[in-house]
Amino acid sequence: MNTSAVSPGRAALILLLTGQMLPLIDTSITNVALESITQSLHASATQLELIVALYGVAFAVCLAMGSKLGDNYGRRRLFMWGVAAFGVASLLCGMATTITELLAARILQGAGAALIVPQILATLHVTLKGRAHARAISLYGGIGGIAFIVGQMGGGWLVSANIAGLGWRNAFFINVPICLLVLALSRRYVPETRREMPSRIDWQGTFLLAAILCCLLFPLALGPELHWPWPTQAALLAIVPLGLWMRASAQRQQSRGGQPLLPPRLLQLASIRFGMVIALLFFSAWSGFMFCMALTMQKGLGMAPWQSGNSFIALGIAYFASALYAPRLIARYSTGRILLTGLAVQMAGLLALMYTFWRFDSATTALALAPSTVLIGYGQALIVNSFYRVGMKDISACDAGAGSAILSTLQQATLGLGPAVLGSLFLALAHHGHGSYPRAMVGFLGVEVVMMVLLGAVALAYRQRLFTAVDNRCAQ
C-alpha cells in the first residue's frame with residue numbers, strides 16, 4: 001500500500017476530524033431546523049421525513065463506492081472531492097426556494113458525505129502507528145458526541161438568531177466556509193495514500209442497492225399520506241425480485257474472484273447477520289428518535305430552535321464520555337456484557353423519558369428531560385462501540401475492507417430509513433391523539449423499547465456463539 005513518506009501531524013488530524021464532523025453535525029442541525037423549514041417552505045410531514053431520509057440513503061448507497069474510489073485514486077483526493085461536493089450541496093440547500101430543490105441538494109450532500117467518511121479512518125489506519133494511532137482512533141470514536149452537541153447547540157442558535165434574515169438557511173450556509181478552509185489546507189497537510197492494486201467497483205450492485213432502498217423508502221414515506229396507491233404497493237413488491245437479482249449478480253462476481261458490493265460469503269457469517277439485526281433495530285430507532293424528538297420539542301412543546309438544541313446537551317455529553325471509556329470497559333469485561341448493559345441503560349432512559357412526557361405532557365421542560373437523556377446517550381455509545389467489534393468478529397484480514405463497508409452501509413441505510421418508517425408511525429399517533437406530540441412520543445418510545453427488548457433477546461441468543469469468540473480473539 002502506497003503512503004506518503006510523512007505521517008500526518010496534528011494539523012492533518014484536525015483537518016480529517018473536521019471533515020468527519022461535517023456530515024455528523026449536519027444531521028443534528030437539520031433536525032433542529034425542521035420546524036423552521038416547515039414554516040418557510042410549507043413542507044408537509046412526509047417531506048420533512050424525506051429531508052432526513054434521502055440524505056441517509058444517498059450516504060449509504062455511495063459509501064462502499066466512496067471507499068473503493070479512495071483506494072484506487074487516492075484517499076486525500078477523494079476526501080477533498082467529498083468536502084467540495086458537501087460544500088456545494090450545503091450552499092444549494094441554503095439557497096433552495098422549494099422543497100424539491102432542498103431534497104435534491106440533500107441527496108448530493110449525502111453523496112458528498114459518503115466520499116468523505118471512508119477516507120478518514122483508512123488514512124489514520126495506514127499512516128499512524130502505536131500510541132498516535134490509538135489516540136487518533138479514540139478521538140475518531142468519540143467525535144460523534146462532540147458533533148452532536150455542536151450541531152444541536154450551534155444549529156439551534158443559527159436558526160434562532162436569524163442572521164441577515166436567513167433563518168434556517170444559515171444552518172446549511174455555515175458548512176461552506178468550513179469546507180473551503182478544509183480544502184485550502186488539506187493538500188498541504190493531509191498525506192496521500194492509496195492501494196497498490198486497484199479494486200473493481202461493483203456499479204451494478206450499487207445501482208441495485210439504490211433501487212431497493214428507494215423502493216422501500218418512498219412507499220413507506222408517501223404511502224400513508226397518499227392512501228397507498230398501486231405504485232407504492234408495486235414498489236414494495238419490486239424489492240423481492242431486485243433483491244434476488246442483486247444476490248445472483250453478487251454470487252456470479254464472487255465465483256469469478258470479483259469483489260461484489262455485498263459479498264454473499266460474508267453475509268452468511270453469524271457476526272454479519274447479527275450486525276444486520278443491530279442496524280435494523282437500533283440505528284433505525286436512533287434516527288427515528290432524533291427526528292420525532294425534534295418535532296416534539298418545537299411543534300409540540302413550542303420551544304425555539306435554540307431551546308430545542310440545548311435540550312440534547314446532556315445526551316451528547318453522556319454519549320461522548322461513554323464513547324471514550326467504552327473500549328476500556330469492553331476490554332475489562334466482555335463485548336456481550338457491555339452490549340447488554342448498553343441496551344439496559346438505554347431502555348431505562350427510554351422508560352424514564354416516557355414517564356416524563358406522560359407526567360408533564362405539554363409542560364415538559366429541557367431540565368425535566370436531562371436525567372432520561374443522559375441514560376439514553378450513555379447506553380447508545382456502548383451499543384455503537386459494540387457494533388463493529390461484534391460485526392467484524394468473523395472477518396478475515398483480507399476481507400476487512402468489505403466487511404467494514406457492509407456494516408457501514410447497513411448503519412447508514414437504517415439511519416436513513418428510520419425517520420421515514422418510524423416517523424410515519426409517530427405522525428400517525430399524533431394525528432389520532434388530536435395533535436398531541438408529547439402523547440405521541442410516549443407511544444413511539446414504547447415501540448422503541450419493544451425494539452430494544454427484541455435486540456436484547458437476539459443478543460442473548462447469540463451470546464455464546466459470538467461474544468466469547470470476540471473476547472478471546474481480542475485477548476490474543
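Predicted model: local features only at pLDDT ≥ 70, side-chain atom pairs only at ≥ 80, totals over all residues.
Leaving aside neighbours within four places in sequence, Phe79 touches Leu15, Leu16, Gly19, Leu115, Ile116, Gln119, Ile120, Val182 and Ser186. Phe79 sits in helix α3. Its relative accessible area is 1%. That value is under 20%, so Phe79 counts as buried. Gly275 lies 196 residues away from Phe79 in sequence. In space, the C-alpha to C-alpha distance between Phe79 and Gly275 is 27 Å.

Helix α3 spans residues 75-95 and also holds Leu92. Leu92 is partly exposed, with a relative accessible area of 40%. Together with Val88 and Leu108, Leu92 makes a nonpolar surface patch of about 220 Å².

| Residue | Relative accessible area | State |
|---|---|---|
| Phe79 | 1% | buried |
| Leu92 | 40% | partly exposed |

The largest nonpolar core has 107 residues. Within this core, Phe289 and Phe357 have the most contacts. Helix α11, residues 270-300, gives the largest share of the core, at 17 residues.

What does Phe357 contact, leaving aside its neighbours within four places in sequence? The partners are Met293, Thr296, Met297, Leu301, Thr364, Leu369, Pro438, Met441, Val442 and Leu445.

How values were computed:
Residues numbered from 1 in each chain as written. Heavy atoms only, no water. Patch = residues over 30% accessible without salt bridge, like charges linked within 9 Å, V, L, I, M, F, W, Y side chains within 5 Å. Areas by Shrake-Rupley, 256 points an atom, 1.4 Å probe, with all protein chains shown as cover. Salt bridge = Lys/Arg side-chain N within 4 Å of Asp/Glu carboxyl O. Helix = DSSP H or I, 4+ residues; strand = E, 2+ residues; numbered from the N terminus. Buried < 20%, exposed > 50% of the residue type's maximum accessible area, 1.4 Å probe, protein only. Contact = heavy atoms within 4.5 Å. Core = buried A, V, L, I, M, F, W, Y, C linked by side-chain atoms within 4.5 Å.
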